[in-house]
Structures are given as C-alpha cells and as structure tokens.
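Dear colleague,

I am passing on to you the structure we spoke about, and below it you will find my notes on what turned up. Please read them with the model open beside you.

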Amino acid sequence: MTQPQPSATAIFYRNLRWLKFVDRFGRKGSQTLEYLGGLSELLGQAVVGCFTRPMYPTEILNQMDEIGVKSVSITGITALFTGMVLALQTAYSLEAFGGKMFIGRVVSLSLVRELGPVLTALMVGGRVGSGITAELGSMTVTEQVDALRAMAISPVRRLVVPRLIATVLMMPVLTAIADLLGILGGMGIAILELQMTAQDYLTSIWQQLQISDIGSGLAKTFFFGLEIAAIGCYNGLQVQGGAASVGRATTRTVVFASICILVSDFFLTKLFLAL
Amino acid sequence: MSHVASASEPSPAPRPRGETIVAFENVWKRYAGKDVLAGVSLKIERGEVLCILGPSGTGKSVTLRHINGLTQPDDGDVRVFGESIVGLSEEALSPTRRRVAMLFQGGALFDSMNVEQNIAFPVVEHSERPPEEVAAIVAEKLTMVGLPGIQRKMPSELSGGMRKRVALARSIALEPEIILYDEPTTGLDPISSEKIAQLIVDLNVRLQTTSVVVTHDIVTARTVADRVAFLHQGRFQFVGAFDEAARGGPPILQDYFRAMGFPCGTGAFQAAPKGE
C-alpha cells in the first residue's frame, strides 16, 4: 500500500523552519559583513588622516592624557595583583619540584609576553573603548557630529584620528608600566611569602628574559590599540536614536573589542613566534 | 521689527537678489520602505526667507539636510549656487558647506567647549586669523544675537533659548550666504520663540543671507517668511506667500492651519509686516 503524497503546502510548512533559519543566518552574515566593511573603511580613512593635514596636536595630547594617563591606575592595579597571584600559584605548583627559583622567570615571562599586553588591552578596551563610544555616540545623537560636517570639518580627522593616535601611542607605555608593576608584585610575594631574596628573584628574571620577549609583547599592543580605538569610534559614530542606543553601542564595543583582542592575540603570537 | 543688537562694523556689500540659489529637481528619498520625499521640486531665491511648513515626520528636516549634503537623495538633483551637490564626497562638499550654515534643532553646541570656543571653532578651522581677531569676531557675533559677554560660559549653563542663539552666532561666524534653520523655535517659550524669529529676520536683512526655516510653528512662519512651502506626503502641496496661504490654500493646508488654531480665510490671521 503506497503512502499518500504530502501536499505542496505541507512540504512548504515542513521546510519553513529551515528557510527561516537560512534567512536569519543570511541576515546576520550580511550585517556582520556590513559592520566589518564600515569598520575597515573608517580605519582606512583614519590611517590616511594620521599622515595628512589638518592635524590636531592639542587634541592628540588631550586624548593621550584621557586615554593613557588616566588609565594607568586601572591597568597598574590589574597587573600588580596578577603578578602577585602568578607568584603564589607558581610557588604552589612548583614547590613539590623545588621550583621556587623559577618564580621570577615564570612571572616575568608570563607577564611580558602575554598577560601584560592582553590584560592591559582588555582593561583599556573596557575603560577607553566604552568611553569613546559613549562620547561619540552622545555627540552623534545630539547632532554635534552633523554640526562638524555642516561646518565642513571632517569628523574622522577631528574625532577619530586623535583618539586613534593617542590609543596606539599610549598602549605600549601602559603595557610597559603594567609589566613592571606585575613583576614588582611578584617580587613582593616572593620576598614576603616565599622567603626569597630580591636578588634571587631579579637574577632569575635577568637570566631568562630576552629583548625579543619584551619586543613581541609591546608590538602586539599597537594592534590592540588600533582595534580598541577603531571599534570605539565606529560604534559611537553609528549610533542612531537616543540614550538607549548609546548604552547598547557601549556594550557592543566592550564585547567586540574584547573578542578582537583575544582572537588577534592568538594570531599575533603565532606570527611573532614564527619570526 | 527692531534689531536685537547693533553691530559697529559697516554692512557688507549687497548680494544680488532674486536669482535661484538652491534648486530641488524631482528629489526622492526613501527611509525604511517609505518615500519621505516623493519627487520634490522647489526653487529658493537668493535673499528670501523660505519657511518649510508641515506636520511632524513629513520630511521637512530631511529636505533641509539635502541643501548642505548632510543627506543625499536617492534620486533627483539638488543644485546649490548653480552646482549639483548630489553624489559628492565629504571633501568635495566642503566649499559649499563653508557658504551654507546650519542651526540644528538642539543647537548642537560642543559640550566640551565654552561659548567662545564654540563660536570661534569654524573660524579657527577655516582661517589663519590671529587670536585677537578671532576673539573680536566672537564678541561681534554674540552682540548680534543679543548675548554679549557670555564667552566664558559653558553650554550646560545656558537656557534653551540662549543655546540656540549661541548656536546661531556660531552659524554666522563664517558669514554664510545661506542659513538653514532646523526647527529654531521648538521647545522654547513664546517669548524666546519670538526673539529667535526676530533674529532670523534681522540677520537675513543685515547679513544679506538667504534663509530656509523648517518649522511646524505657524507663528514663527508668519513672523519670518517671505514664502512658505507646505510639505505633505512627500511633496510640496503649496508654495507661495504667507498671506496667500492664510487666505486659504489647498484643503490640506487649511486643515493644518485649523489644527494649529489658525483657521484660514477668516482674516483673523495674516502675515506680520516684516521689518517692523
């Protein structure tokens, strides 16, 4: 006995779920591509703006203060306590093998090559990226960005370029300070908790740490700075609507900047290891 | 109409009046599947004050933003100073934008700058004038809008009406040929609205500019307009003198006047004599 053939309507409804899924997937994909395209375009314009007139040196200095100097405390505290925790965990893990003497090496290498740059970037991404988005987003919804355009002044040159330059320049400085504070935090624990001498701790670092370790760590931060500033500015300039949109854009910046930092860190690490 | 403040410097050389300075030719603009502008055509003459009237959400501000290229049409042409500005890059639009100023609905003053820095901003950006000269320009423009001596105040310290007047001072800092006003009296009390309206007329005469005023406020239109253009359903349903509109334009315009509390054709509401 043959089964009755399902009607065209039944087939349509059976497949509707999949059609909706494909449709939603396509829309998301198209939105993502549109976002990445817009972000790349803005980044391209900003990079060109970095090397052509008009420049805004005073604004760049203001942003270096806002983005860099005012981030020292948050990145410094993060690195200090990370160094302390690293020292404690390393001592706990290696004690059975008599590995206390390696604490300085482990702490410094971990911090300088990886944790210093990444944690600093995540902290700056949270503080500065969201701040940039909120500021530019508010300017966009209150028509201040349109006012710039109406006055024949490029918002990219006036708003984006100074923030991009300041973030890119200040990231390595913040990371260097964070590395130093993290190593000092580890030394504090090594001396106070693990009864090591400062000389032993520093000697183990001196013997192990290479210039290339410091260089690769700091080099990454240029890219992180570029990502944070570009994402922060782009999301701010794309805000439409009111205060709620500014809030959503700010959250998006923190999430997207964090993901970009972590993903690009992997590829940059691969690249620098291969060099 | 009395001048709000007197300027000490001589009047600028007269600009030729009457020629077409802005022309919309069959302009279409679509947002979210809706035709906001559906084949708009309009000519604005040099030296006039044109009021674009219409209910909220009919595309008045969108029309205005086409004049300085902040918004680009989907189809049609917009000619400013005789040149098409459609499809031009931001950089290519710069020369036109320096000659066209815009007063935004909320003033759009830069929060991080004080009044002096706000007004000086376009001057510093587009010229190499020494600081003393820039300061003199700021003082002069503030006097023109009736707010002398408030250079050091921050925008957050100003009332709504003052913010708009400071924004107006910033708009005229580069001595533009066209000033675009986006809802200049919205959110203001009647006295402040009247002051702004008087300023529009005053500056139009003194600076010999062309003014395009977007408003849904008939009292403002009555005070400032040489001509009104009534925008509805994506097209100008009426373009003509205010008196003509007040005497009874098309039914939709009569409905609008009635809804705003000013019935057409009753003789109860006519254009205010300008310059009084």
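**Two helices of chain A**

In this model, which is a predicted one, helix α3(A) meets helix α4(A) through A:I74, A:T75, A:T78, A:A79, A:T82, A:G83, A:L86, A:A87, A:T90 and A:A91, and on the side of α4(A) the residues are A:I103, A:V106, A:V107, A:S110, A:L111, A:L115, A:G116, A:L119, A:T120, A:M123, A:V124 and A:R127. The helices themselves cover residues 72–94 for α3(A) and residues 103–141 for α4(A), and their axes come within 9 Å, crossing at roughly 145 degrees. The crossing of α3(A) with α4(A) is right-handed.

**Loops of chain A**

Most residues other than glycine have a negative phi, and most peptide bonds are trans. The peptide bond from A:R53 to A:P54 is cis, with omega near 0 degrees, and A:P54 lies in the loop that joins α1 (8–50) and α2 (57–68) of chain A. A:E143, which is not a glycine, has a positive phi of about 65 degrees, and its place is in the loop between α4 and α5 (144–150) of chain A. A:Q195, again not a glycine, has a positive phi of about 55 degrees and is found in the loop between α6 (155–192) and α7 (198–208) of chain A.

Are these last two residues buried or exposed? A:E143 is buried, because 20 other C-beta atoms lie within 10 Å, whereas A:Q195 counts as exposed, because it has 8 C-beta neighbours inside 10 Å.

**The sheet in chain B**

Turning to the other chain, there is an open sheet of four strands in chain B, with the order β2-β1-β4-β5 and antiparallel pairing. Strands β2 (34–45) and β5 (83–84) of chain B stand at the edges with a single partner strand each, so one side of each has no neighbour in the sheet. Between β1 (residues 20–31) of chain B and β2(B) the antiparallel pairing runs over nine bridges, and in β2(B) it is B:A38 that is the bridge partner of B:W28. Helix α1 (residues 60–67) of chain B packs on this sheet, where it touches β1, β2 and β4 (75–80) of chain B, and its direction makes about 55 degrees with that of β2(B).

**A helix and a loop residue in chain B**

Just after α6(B), B:Q208 takes a positive phi of about 50 degrees.

B:L174 sits in the loop between α5 and β7 of chain B and counts as buried, because it has 20 C-beta neighbours inside 10 Å. Leaving aside neighbours within four places in sequence, B:L174 is in contact with B:R98, B:A101, B:P122, B:V123 and B:H126.

**Between the chains**

Finally, eleven residues of chain A are in contact with 13 residues of chain B. The side of chain A that touches chain B has five nonpolar, three polar and three charged residues.

With kind regards

Key
Residues are numbered from 1 along each chain as its sequence is written. Chains are lettered from A and ligands numbered from 1 in the order in which they are written. This is a predicted model: local features need pLDDT of at least 70, side-chain atom pairs count only at pLDDT 80 or more; totals for chains, interfaces and linings use all residues. Two strands pair if DSSP finds at least two bridges between them. Two residues are in contact if their C-beta atoms, placed from the backbone, lie within 7 Å. Axes are lines fitted to C-alpha atoms, for helices over the stretch in contact, and angles run from 0 to 180 degrees between N-to-C directions. A crossing is left-handed if the near helix is turned anticlockwise from the far one by less than a right angle, and right-handed if clockwise. Ala, Val, Leu, Ile, Met, Phe, Trp, Tyr, Cys and Pro count as nonpolar, Asp, Glu, Lys and Arg as charged, and the others, Gly among them, as polar. A residue is buried if 20 or more other C-beta atoms lie within 10 Å of its own, exposed if 12 or fewer, and partly exposed in between; C-beta atoms are placed from the backbone.
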